[in-house]
Amino acid sequence: MDPSGVFPTSYRSDRRIVRTRWQALALVLFMGLLLAAPYLVSGRIIAILNMMMISAVIAVGLQICTGYAGQINLGQAAFMGVGAYTASILASKTGLTFLLTIPLAGLSAALFGFLFGLTAARIKGFYLALTTIAAQFLFHFAVLNLPSTWLGGSNGITVPPAELFGLRFVSETAQFYMNFAVTAIMVAGAFGIVRSRFGRAFVAVRDDDVAAGIMGINVAATKANAFLIGAFYAGVGGALWAYLIRFVGVDQFTLFHSIFFVAMIIVGGMGSIVGALVGVFVIRIIQEIIATVGPNIADSVSFLGGDIVFAGMNVVLGGVIALFMILEPKGLMHRWNILKSSYRIWPFPY
Amino acid sequence: MVYFINDIITGALIGLLYSLVAMGFVVIYRASKVFNFAQGELVIIGGFIVWFTTMQAGLSLWLSIPLSLVLAGLVGYAIERIFLTKLIGESVFSMVMVTVGLLILLRGLVLLVFGPAVRPFPIIFPLKPLFLGDMLIPMNLLIGGIITIVAAVGLSWFFNRTRSGLRMTAVAEDHVVASSMGISVKGSIAFAWVLGAILSTIGAMIFLSGKSLTFLASDIGFAALPVALFAGLESIGGLILAGVIIGIVQSLTTNYLDPLIGGSLGSVVPYIIMLAILLIRPTGLFGWRTIERV
């Protein structure tokens with residue numbers, strides 16, 4: 001928020017993404033550091049960064065669907081799974097290049113998401129959350145029960161590495177740059193979407209769908225669009241995931257994973273793209289800590305065995321979701337914005 | 001033909017078990033306007049309490065069952081005090097997300113406290129099935145079905161006919177309006193969660209009697225979800241009909257359609273019904289129609 005008395009004087013300046021010189025500098029530094037990361041840090045951290053970027057694509061999609069358009073979505077992992085399966089089947093059976101499979105994965109996930117978005121035309125609130133849970137169960141059923149030559153059944157599918165001009169993206173560094181390129185495009189696109197006509201329609205529908213309808217916004221189409229875009233992002237993220245892990249199985253896309261993505265946008269802050277990125281960072285760090293510390297504890301408390309990581313993750317993330325909803329429902333980004341604006345207008349209260 | 005009728009009866013009884021678990025959803029919704037995604041987790045917590053009091057503490061069934069119900073009620077009360085009192089008057093989104101957080105939190109806690117081991121569950125209802133001619137009906141489901149019907153009739157009388165029940169109904173309409181009419185929203189929500197936890201524990205007893213107990217038993221919470229929606233989230237009596245219909249459809253699909261297609265369609269059929277009902281009649285068979293005001 002700008003200090004009192006400072007207003008944008010044109011539409012262009014109002015919709016600008018980079019508003020100050022400091023922001024431009026921070027953006028350049030951030031991108032530069034990320035690009036140089038493979039030369040600065042060790043392989044383990046690059047692996048974590050890869051996971052973070054893929055989660056970022058998916059969480060940004062969820063942010064558009066849930067944070068901007070207000071449509072509760074507990075099926076983001078299923079949408080991601082649809083994308084991952086599409087990419088891996090296309091890559092392993094037809095040998096298409098990843099330049100085509102990644103967008104196609106996004107499109108197929110978008111179609112799947114759109115189908116569930118159509119239900120949003122009639123229902124809202126937590127009823128909608130229930131249909132997205134149904135999406136989760138139907139996805140599992142389809143993968144496990146369709147003939148295993150189609151979707152690999154419970155064995156999963158092995159994915160060939162991404163290839164471009166004879167260059168194979170197998171090393172962590174090569175994958176890092178591939179993920180970086182896709183993530184940068186998707187996040188930039190998200191900034192574009194939310195400040196466009198569609199983004200404003202999303203916000204209007206989120207704030208009051210009846211009022212938005214009276215103002216001439218097609219509420220049902222807007223809700224379905226939100227799901228379409230959110231699922232497209234999930235599909236692209238799923239395709240990246242398939243190329244990173246080089247194997248897809250139905251266990252990678254459960255309701256729990258969907259809830260983890262929801263945790264990311266809640267922690268970061270609803271209704272902010274940067275918030276989604278912050279949330280991804282925080283939650284992934286927490287997950288990484290638990291995954292590292294967990295096995296050490298498991299040695300001393302032997303009866304739990306390997307489940308301690310999963311259990312610990314659930315306890316911590318469940319606690320984080322509940323705590324944030326109770327104490328800081330607007331997320332870390334809101335806190336940061338308050339700090340920022342009080343710094344800008346200091347010593348005045350507003 | 002005998003098998004066919006037997007399948008229908010068993011299916012209906014399983015459906016009544018779903019109704020009982022779904023009753024937990026509906027009671028909590030009916031008295032607090034909170035949709036509790038963590039219902040399945042309450043069922044396993046109830047199951048573990050029963051296991052603890054009988055198998056671990058070695059109490060007799062007559063002592064352990066009432067004790068378990070009291071303990072389960074306390075757990076429900078604690079959850080309400082810690083998480084939900086603070087959210088009175090907040091948006092539906094916050095409430096939904098807190099129960100989603102609870103879902104994974106409780107799942108993790110149960111795993112941490114009790115571990116993934118498989119445990120024997122006490123035999124609460126006689127194991128010997130009831131023979132009717134050539135038909136065989138599982139005893140635990142039969143007694144459970146009777147309990148479900150009694151509970152449904154009792155609770156639906158309580159919520160629709162008594163003064164305190166109607167107060168809670170007002171809370172489900174609108175927290176702010178209810179509290180400005182002098183109704184204790186906190187009290188109502190606390191009561192709902194205690195009752196929800198107790199119903200879940202009874203459900204666990206019927207579901208698990210004589211079987212083994214792991215944390216995977218919480219899946220029954222999601223299996224009961226379609227029943228709650230089919231009936232409409234506000235109707236307790238309607239749960240019986242919805243449960244019986246979904247139970248019979250599922251049983252027939254599992255027994256007659258699955259062998260033909262070679263998959264487990266039976267386990268998703270309730271969700272397909274749920275999707276259909278959400279699209280055709282989102283308020284369910286007997287739910288309230290809400291009128292929107294701007």
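Which helices do the buried residues of α11(B) pack against? They pack against α5 (98–119) and α6 of chain A, together with α9 (219–231) and α10 (237–261) of chain B. Helices here are DSSP runs (H or I, at least four residues), numbered from the N terminus. This is a predicted model, where local features need pLDDT of at least 70, side-chain atom pairs count only at pLDDT 80 or more, and totals for chains, interfaces and linings use all residues. Residues are numbered from 1 along each chain as its sequence is written, and chains are lettered from A in the order in which they are written.

Stay with α11(B), residues 269–280. Its buried residues are B:Val269, B:Pro270, B:Tyr271, B:Met274, B:Leu275 and B:Leu278. Buried means that 20 or more other C-beta atoms, placed from the backbone, lie within 10 Å of a residue's own.

Now take the two chains together. Their contact (C-beta atoms, placed from the backbone, within 7 Å) takes 37 residues from chain A and 35 from chain B. On the chain A side, α6 (126–145), α10 (209–214), α12 (255–268) and α14 (307–327) each supply at least two residues. α14(A) gives the most, with 12 residues.

Finally, look inside chain A. The axes of α8 (residues 172–194) and α11 (residues 219–245) of chain A come within 11 Å and cross at roughly 175°. That makes α8(A) roughly antiparallel to α11(A), a term for angles over 145 degrees. Axes are lines fitted to C-alpha atoms over the stretch in contact, and angles run from 0 to 180 degrees between N-to-C directions. Among the residues that meet are A:Gln175 and A:Met186 in α8(A), and A:Tyr233 and A:Leu240 in α11(A).

Notes: Contact = placed C-beta atoms within 7 Å. Buried ≥ 20, exposed ≤ 12 C-beta atoms within 10 Å, placed from the backbone. Parallel < 35°, antiparallel > 145°, perpendicular 65-115°, else oblique.
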